[in-house]
Amino acid sequence: MDKNFQEEQYTGIVKFIPPLYEQRYQFIKDLVGKYKPKKVADLGCADCTLLWMLKFCSCIEVLAGLDVCASVMKEKMHRLSPLPGDYLQPAERSLTVTLHHGSVAHKDPCMLGFDLVTCIELIEHLEQSELKKFPEVVFGFMAPSIVVISTPNSEFNPLLPGVMLFRHPDHKFEWNRAQFQSWALETARRYDYSVEFTGVGHPPAGMENVGFCTQIGVFVRKYPQTSESAQSGKPTEAAYKTVFKAVYPSLKDEKYLQNAVVSEVIFTAQIIKRSLMDRLMLEHEEYNDDPTEKKCKFQPSFNCLSEDLGKLVVEKSMEPFVNGNVVYIPLTTIFSFPKVNRLCGTFEKLHKLIAGKVTLSSDGSAVMFNTEHENEEN
């Protein structure tokens, strides 16, 4: 419902840069950056723009949207689907996005357990009967840690050309600051929340007395929910209809993690191998006094490490070496690289994930490459 207010037409006295709806969304993004919620629900999500912005916040693992108008959600909900790049480079976090069709006046267990609930330009669209039920649904039933409610400040309306009564024909009311704060304080008191007031959309210089164009209340629950209170009186029947769900690929899913680890191991091993081969070639050319006898391709007979020394290196499990036509790159060396280490966590996990996917030595301690491939590349 947020974009229904067409700020762009009000250029006579005041113009918002960036547009007011962007300022509201940025306020929520800043709040997410401060509190790092994992589960966020946007009530009255309309065209899902806020949800689309929030899906890029790395702390969020669950996003849910609710709106009474399914057609508005469906127009733009495709933006919430994973892109090809999300599959090519899965994120380390998990992310699930779900959209529901329903009213904020009804309770549904799918909306339990959220850390942050946003209601951006929503309450002024509610009928009196819906507004009466709204606090119990959001603060009593859903009971998130933080609730953000924004609504028009009617004291600002005289500065907006063309506004006679309300800013949008679907608005059922528009409160001044005293009315909103009175409602918010009583709601906070009843459900054990604190509330702070702020807003976005600064008035022109000299007219600061009218306050922000959009007034905002940030509610923070005073006491953590106990398991008993969280379950008491919670309905088990669904009141909403799910219209969209997307589960993003994640490194928390072992199949995506395995693909990422195998790719990173091969990439890292190739870098180590190339560095080793270049060093051996350079040492050979420096050793060869006659430039006419220099060879343009690496030959396996140039091994700088004897078989006994090679065994010693493997025992140390750190340095790569060449033996015959094979390059050995110890897994401990590969595991020491930060990205491989971060992906796997433990050496045992690394070994498990690449088993059968990467060519390993007989004892499983090193990745093996054939030097003939290097000759072909050269």
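Which strands does helix α8 (residues 254–287) lie across? Helix α8 lies across β9, β10 and β11. The views below come from a predicted model, in which local features need pLDDT of at least 70 and side-chain atom pairs count only at pLDDT 80 or more, while totals for chains, interfaces and linings use all residues. Residues are numbered from 1 along each chain as its sequence is written, and side-chain values use heavy atoms, with hydrogens and water left out.

**View A. An open sheet of three strands, in the order β9-β10-β11.** Pairing is antiparallel; two strands pair if DSSP finds at least two bridges between them. Helices (H or I, at least four residues) and strands (E, at least two) are DSSP runs, numbered from the N terminus. From one strand to the next, the twist averages 30 degrees.

**View B. Strand β10 (residues 326–330) beside β11.** The two strands run antiparallel and are joined by five bridges. Val327 has Phe369 in β11 as its bridge partner.

**View C. Helix α8 across the sheet.** The helix runs at about 120 degrees to β10. Axes are lines fitted to C-alpha atoms, for helices over the stretch in contact (heavy atoms within 4.5 Å), and angles run from 0 to 180 degrees between N-to-C directions.

**View D. Helix α8 with helix α12 (residues 347–354).** Their axes come within 9 Å and cross at roughly 95 degrees. The helices α8 and α12 are therefore roughly perpendicular (65 to 115 degrees). Among the residues that meet are Leu257 and Val261 in α8 and Leu350 and Leu353 in α12.

Key: Angles under 35 degrees count as roughly parallel, over 145 as roughly antiparallel, 65 to 115 as roughly perpendicular and the rest as oblique.
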